[in-house]
Amino acid sequence: MTEGGDGCACGRIDVHAHFLPDVYRDALSRAGLATLDGGFPVPAWSEAAALEMMDRQGIETAMVSLSSPSAHFLPPNERPALARAVNDAGAALARAHPSRFGYFATLPMPDVEASLAELRRAIDDLGADGVVLMTNSDGAYLGAPACAPIFAELNRRRATLFLHPTSPACFEALALSRPAPLLEFPLDTTRTIVDLLYARTLQANPDIKVIVPHGGAALPALIARIAAFASVPIIAQRPASEAEVFETLERLYYDLALSTHPVPFAALRRIAPITQILFGSDWPFTPEPGVARNIRQLGANELSEADARAIARENAERVFPRLARAPA
């Protein structure tokens, strides 16, 4: 495997990687979706291409998941079957290459009962490494009371939850005729984290290992404002204090997909310690040259060897103990 631009040859664990198994690509095709989220092309994906890219970029293991729109493009009653099929494909991929792939299970949200059933099947029977939830489901955000049983079950299991942005329900009115990944994805990530904070879902379920994508999106820029509103009495449900906002966000995990430029990286470091920062590629929605660029930019942050190794691998080993190597 190559060393990469950040100077780390330790075998990266990529917590933000995507896959498009045939069953999912076929479902998109039947729905007439050649582009997603405001015109973003559906990328090519194959097991062989993923392994080749990973070898070139020094990625030892990729935790794959569905990207936006997940199964949300289907009517709600058709989502459970697609989620099951996608999770079966993820399990087969991980079984075939247990040291190279893991996967986050897709849930057929917003059907909570079906999602709980699939969560249990995916983790208990298929060996999923966690679950992925889109930032909203049909316009409902994750702090909604209906989502509480999902978070309670994840907390009981001390499970890993990977959040991924999707288009907001009012995307066409907000998008400025540009694709959602440009602006609406990071804003929707921020919106659902604020919802979880103010609904006190994160505080009530501290044992979930939550991974926030894209360097925390807009959270580093807005954290002081988000915290200050915790003291506004007209907001009925809110964090207990400004300090609680900082303390809660400090214990979440943050992946660095598209977020290693020194400006956003420095901002992220003000709200999260190195121990909570993970490597992410966002491949194949980010083409390989973009992945390589992200790795090079990480190297421009003058990290110590220990910090570079922690971000590339060691922090993720704590999240996914099955990938931990024996001490030298």
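**Exercise 1. State the volume of the largest pocket and name the residues closest to its centre.**

Solution. The largest pocket has a volume of about 290 Å³. A pocket is an open set of points on a 1 Å grid over the protein atoms alone, with protein on both sides within 12 Å along at least five of seven lines. A volume is the space filled by probe spheres set on the points, which are joined across faces, edges and corners. Next, the lining, meaning residues with an atom within 4 Å of a point. It counts 17 residues, and P181, F185, H214, L258 and D282 are the closest to the centre. Last, the classes: nine lining residues are nonpolar, six polar and two charged. Nonpolar covers Ala, Val, Leu, Ile, Met, Phe, Trp, Tyr, Cys and Pro; charged covers Asp, Glu, Lys and Arg; the others, Gly among them, are polar.

The model is predicted: local features need pLDDT of at least 70, side-chain atom pairs count only at pLDDT 80 or more, and totals for chains, interfaces and linings use all residues. Residues are numbered from 1 along each chain as its sequence is written, and side-chain values use heavy atoms, with hydrogens and water left out.

**Exercise 2. Describe the second largest pocket by volume, lining and class.**

Solution. Start with the volume: about 200 Å³. Then list the lining of this second largest pocket: L33, T35, L36, D37, P69, H72, F73, N136, D138, T166 and S167. Sort these by class: four are nonpolar, five polar and two charged.

**Exercise 3. Find how many cavities of 30 Å³ or more the structure holds, and describe the largest.**

Solution. A cavity is a set of points where a 1.4 Å probe fits but cannot get out. A search of the whole structure gives one of 30 Å³ or more. The largest cavity has a volume of about 50 Å³. Its lining consists of D14, A17, H18, A50, M53, M54, A62, V64, F101, S281 and W283. Helices (H or I, at least four residues) and strands (E, at least two) are DSSP runs, numbered from the N terminus. The lining of the largest cavity divides into eight nonpolar, two polar and one charged residue.

**Exercise 4. Characterise the packing of α3 against α4.**

Solution. Two packed helices are described by the angle between their axes and the distance between the axes. Axes are lines fitted to C-alpha atoms, for helices over the stretch in contact; angles run from 0 to 180 degrees between N-to-C directions. For α3 (residues 79-96) and α4 (residues 112-125), the axes come within 11 Å and cross at roughly 15°. So α3 is roughly parallel to α4, a term for angles under 35 degrees. The crossing is right-handed, that is, the near helix is turned clockwise from the far one by less than a right angle. Now the contact, meaning heavy atoms within 4.5 Å. P80, A83, R84, N87 and D88 of α3 meet A114, E118, R121 and A122 of α4. By class, this contact has four nonpolar, one polar and four charged residues.

**Exercise 5. Locate the cis peptide bonds M109-P110 and W283-P284, and the positive phi of R158.**

Solution. Most residues other than glycine have a negative phi, and most peptide bonds are trans. The cis bond joining M109 and P110 has omega about 10°. P110 sits in the loop between β5 (101-106) and α4. The cis bond joining W283 and P284 has omega about 5°. P284 lies in the loop between β12 (277-278) and α12 (288-299). R158 has a positive phi, near 55°. R158 is in the loop between α5 (148-157) and β9 (160-164).

Note on methods. Angles under 35 degrees count as roughly parallel, over 145 as roughly antiparallel, 65 to 115 as roughly perpendicular and the rest as oblique.
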